[in-house]
Amino acid sequence: MNSFTANPIKTVKPIRWIGALQGLRAIAFLAIFLSHSGIGPFGCFGAWGVSLFLMMSGFLMSYRYLQKSNTPTFGFSFVWSKLKKLYPLHIIMMIAKLPFAFVYLFRGWISLALLLVAICLNVTLLQIWIPNESLYTLLNGPSWFMCVIALAYLFFPLFLSALRNIDSVLSAFKMLMIFIIVHVFFSLVSTYLLKAGFNPEYIKWLTYYFPPVRCCDFGIGGILGWLYLHRASRESSHHESWFQISCLLFCFLLVAASMYVYTYRVTILGLDSFRFSLLFLPSTMLLIWLLSTATGVVEKAWSIKPLQWVAEMSPYAFLIHDVVIRYVWIVFQMCFSDAPRLIGFLVSLLLTLFLSYLWRKLSTNLQFDFGAIAIDRVRQGK
């Protein structure tokens with residue numbers, strides 16, 4: 001074991017706020033919001049944003065915990081400690097989506113049994129494990145992300161132990177290749193199933209939604225976090241701003257090319273299923289690395305206060321935005337049918353961010369109150 005993994009606290013700088021990555025988190029949310037806005041063929045933005053969210057989650061988790069001496073305990077208690085701030089909001093959004101589900105029920109589009117199963121699966125964060133689009137989109141579709149991240153958090157303590165045992169950059173790249181190979185394997189399996197006559201939606205579920213596959217994005221991000229700390233533990237020169245900007249421009253050209261392939265269903269090596277898995281991995285990995293190591297003008301540009309604020313709201317806005325968009329469009333159809341769709345988009349975005357801010361404030365106060373109640377009960381011997 002090298003000195004970095006044995007005692008990272010002594011070999012790297014103290015944990016710091018990587019502002020440029022937070023700016024990227026804000027852009028990722030805005031991309032996902034745009035993909036759900038209904039104002040154009042922007043589904044590719046959502047696929048790219050999800051890949052960013054998952055990989056950044058892995059990066060930041062490894063970045064924080066590799067510099068701590070303690071290792072979290074494997075189990076559901078650790079998962080709950082990470083999700084308890086979001087779970088109540090998840091339930092509220094599910095309830096807010098129920099009126100739409102009841103309309104589908106009364107019109108005969110879904111059965112009562114399917115609705116009840118969907119509710120149970122959403123409450124237990126298991127909806128995305130069933131390859132049925134009606135189940136995982138009926139009650140606040142974006143909540144499928146919580147199913148994936150819950151699995152990632154469940155196994156994170158074991159993954160963290162594996163990261164601490166990495167003794168070289170070569171070993172890190174070998175582990176990275178394992179996660180990429182998993183993506184390739186499931187893409188090949190999906191291609192076989194597609195040729196065998198399976199529903200294309202099932203193929204998308206297997207390569208885009210299936211939690212074990214999407215956790216590979218989280219794992220890749222974790223390895224990038226290890227590499228970042230490995231780099232920080234050694235003297236490294238900073239690149240000039242022009243070089244960083246050139247690399248970012250190349251990266252965004254790669255992103256644009258990937259979005260073109262996704263949108264127009266351009267096959268890769270004759271295979272369509274690759275666009276749901278491997279397509280955005282190269283550009284996402286490169287972008288996270290470039291911004292995490294950015295300095296000077298590039299770092300300042302991605303760390304501006306508006307982006308930082310949106311990044312703080314993004315975990316809540318991610319769960320809220322789809323429900324808000326649906327209600328806003330209903331109001332606009334009823335009262336402002338002649339208004340440009342762009343106006344509805346802006347109203348939805350501002351309302352989403354405002355509600356996210358309110359929930360953040362409310363949840364903080366509620367946690368304080370619950371903590372005070374718990375202390376009082378302990379004091380009273382209850």
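Predicted model: local features only at pLDDT ≥ 70, side-chain atom pairs only at ≥ 80, totals over all residues.

Entry 1: Is Asp322 buried or exposed? I found a relative accessible area of 9% for Asp322, so I noted this residue as buried, the cut-off being under 20%. Asp322 sits in helix α16. I then looked up what touches Asp322, leaving aside neighbours within four places in sequence. My list for Asp322 reads His36, Lys97, Asn140, Gly141 and Pro142.

**Entry 2: α3 against α16.** How do α3 and α16 pack? For α3 (residues 19–36) and α16 (residues 305–335) I wrote down an angle of about 20° and axes 8 Å apart. Angles under 35 degrees count as roughly parallel, so that is what I called α3 and α16. The contact takes in Gly19, Gln22, Gly23, Arg25, Ala26, Ile27, Phe29, Ile32, Phe33 and His36 on the α3 side. From α16 I noted several partners, including Leu307, Val310, Ala311, Phe318, His321, Asp322 and Ile325. I also logged the crossing of α3 and α16 as left-handed.

**Entry 3: α4 against α9.** Next I turned to another pair. Helix α4 (residues 43–65) packs with α9 at an angle of about 35°, their axes 10 Å apart. Here I logged a right-handed crossing. From α4 the contact uses Val50, Phe53, Leu54, Ser57, Met61, Ser62 and Tyr65. Among the α9 residues in this contact I noted Trp144, Phe145, Tyr153, Phe156 and Arg164.

**Entry 4: α10.** Helix α10 (residues 169–195) has 27 residues and reaches 39 Å from its first C-alpha to its last, close to the 39 Å expected. Which residues of α10 are buried? I listed Ala172, Met175, Leu176, Phe179, Ile180, His183, Phe186, Ser187, Ser190, Thr191 and Leu193. After α10 comes Gly197, and I noted its positive phi, near 100°.

**Entry 5: the whole chain.** I ended by stepping back. I counted 17 helices and zero strands. Of the 382 residues, 50% count as buried. The accessible surface comes to about 18,900 Å², with 69% of it belonging to carbon and sulfur atoms. Of the contacts with a separation of 6 or more, 78% are between residues 24 or more positions apart.

Conventions. Residues numbered from 1 in each chain as written. Heavy atoms only, no water. Helix = DSSP H or I, 4+ residues; strand = E, 2+ residues; numbered from the N terminus. Buried < 20%, exposed > 50% of the residue type's maximum accessible area, 1.4 Å probe, protein only. Contact = heavy atoms within 4.5 Å. Areas by Shrake-Rupley, 256 points an atom, 1.4 Å probe, with all protein chains shown as cover. Expected span 1.5 Å × (residues − 1). Axes fitted to C-alpha atoms, helices over the stretch in contact; angles between N-to-C directions. Parallel < 35°, antiparallel > 145°, perpendicular 65-115°, else oblique. Left-handed = near helix turned anticlockwise from the far one by under 90°.
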